[in-house]
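User: I am new to this structure and would like a close look at one part of it. Could you take me through the aromatic pairs and what lies around them?

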Amino acid sequence: MAIKIKTAEEIEKMRIAGQLAANVLDMIAPHVQAGVSTGELNRIMHDYMVNVQGTVPATLNYHGFPASSCISINHVVCHGIPDDNKKLKKGDIVNIDVTVIKDGYHGDTSMMFEVGEVKPFAHRLCDVARECLWLGIEQVKPQATLFDVASAIQKHAEANGFSVVREYCGHGIGADFHEEPQVLHYAAQELKNIVLKPGMVFTVEPMINLGKADVKLLGDNWTVITKDRKLSAQWEHTLAVTETGYEIFTLRQGEMPFLPR
Ligand code: MF3
Ligand code: CO
Ligand code: CO
């Protein structure tokens with residue numbers, strides 16, 4: 001199976017889907033406060049997608065996933081299941097990951113929120129994870145490879161004493177939620193064979209751990225946590241390769257590239 005090259009018509013649909021996904025994060029941001037449950041946040045996002053946007057929440061019932069978003073707190077790496085009994089508290093770091101379908105195409109994005117004041121190392125982890133996303137994206141242009149993307153991410157994470165999760169990765173995206181290629185975030189040699197071409201669309205979504213890279217799947221068969229129970233942070237964008245570089249479909253209001261000084 002080859003990596004699909006999207007037509008101009010498909011790219012336009014993905015631009016719209018990506019924007020709608022970003023709008024969900026902009027909408028939910030003011031609700032991310034100490035005391036709110038992740039179940040409530042999920043409900044607000046679900047209602048917004050379905051009733052305001054007319055989008056389909058892609059995660060709902062995806063391989064049986066039971067919610068319209070993934071909400072992953074502190075040592076949860078990804079795929080946290082929203083829960084009415086799980087309330088945010090001051091000092092938490094939390095990833096909210098949303099994927100919408102509009103007109104048959106997917107937009108997938110996630111970001112970190114800091115609840116109240118968080119510990120300096122937690123704040124730093126969130127910042128570095130975001131820098132990793134942007135340093136990876138900056139590598140995207142025709143003839144570059146996914147090895148370039150992954151190397152930039154791994155280098156920056158490790159230079160800061162953090163580690164990169166290996167078991168989960170970014171992905172091609174389009175009419176299907178998860179398409180080829182697998183966008184690994186660590187410098188695996190086989191990524192040198194994945195040469196970027198205009199019209200490819202994929203996500204970059206590095207998961208960066210404060211401690212060791214190892215993860216563990218909980219008994220619910222979804223929630224992924226760090227083995228050492230230390231914090232993990234993740235940011236995600238959906239982007240296309242263009243003739244000259246890249247176009248990000250999931251930019252939020254006023255979002256700027258966030259590169260290390
Ligand atoms: N949005 C996640 C991603 O970035 C996938 C979540 S799949 C689910 O690829 F089933 F866990 F919701
Ligand atoms: Co994704
Ligand atoms: Co996602």
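Analyst: Two aromatic pairs are counted in this predicted model, where rings of Phe, Tyr and Trp (its six-membered ring) pair if their centres lie within 6.5 Å; planes under 30 degrees apart count as stacked, over 60 as edge-to-face and the rest as tilted.

One of them joins Y62 and F177: it is tilted, with 4.7 Å from centre to centre and 50° between the planes. Y62 sits in the loop between β1 (56–57) and β2 (70–73), and F177 in the loop between β7 (170–172) and β8 (179–183), so this pair ties together parts that are 115 residues apart in sequence. Strands here are DSSP runs (E, at least two residues) and helices are runs of H or I of at least four, numbered from the N terminus. Y62 is partly exposed at 26% relative accessibility, while F177 is buried at 8%; buried means under 20% relative accessible area, exposed over 50%, and partly exposed in between (1.4 Å probe, protein chains only).

The pair of F65 and W222 is edge-to-face, 5.0 Å centre to centre with 85° between the planes. F65 belongs to the loop between β1 and β2 and W222 to the loop between β11 (215–217) and β12 (224–226), so parts 157 residues apart in sequence are tied together. Both F65 and W222 are buried.

Now back to the loop between β7 and β8, where you will also find I173. Its relative accessibility is 0%, so I173 counts as buried. Setting aside neighbours within four places in sequence, I173 has contacts (heavy atoms within 4.5 Å) that include K6, M14, H106, F202 and T238. I173 and T238 are 65 residues apart in sequence, yet their C-alpha atoms are 7.9 Å apart in space.

M14 is one of those contacts of I173, and helix α1 covers residues 8–28. Where α1 packs against helix α2 (residues 38–53), the angle is about 135° and the axes are 10 Å apart. The contact is formed by L20, N23, V24, M27 and I28 of α1 with L41, I44, M45, Y48, M49 and Q53 of α2. Of these residues, nine are nonpolar, two polar and none charged.

A word on conventions: residues are numbered from 1 along each chain as its sequence is written, and chains are lettered from A and ligands numbered from 1 in the order written. Local features need pLDDT of at least 70 and side-chain atom pairs 80 or more, while totals for chains, interfaces and linings use all residues, and side-chain values use heavy atoms, leaving out hydrogens and water.

Definitions and conventions: Axes fitted to C-alpha atoms, helices over the stretch in contact; angles between N-to-C directions. Nonpolar A, V, L, I, M, F, W, Y, C, P; charged D, E, K, R; others polar.
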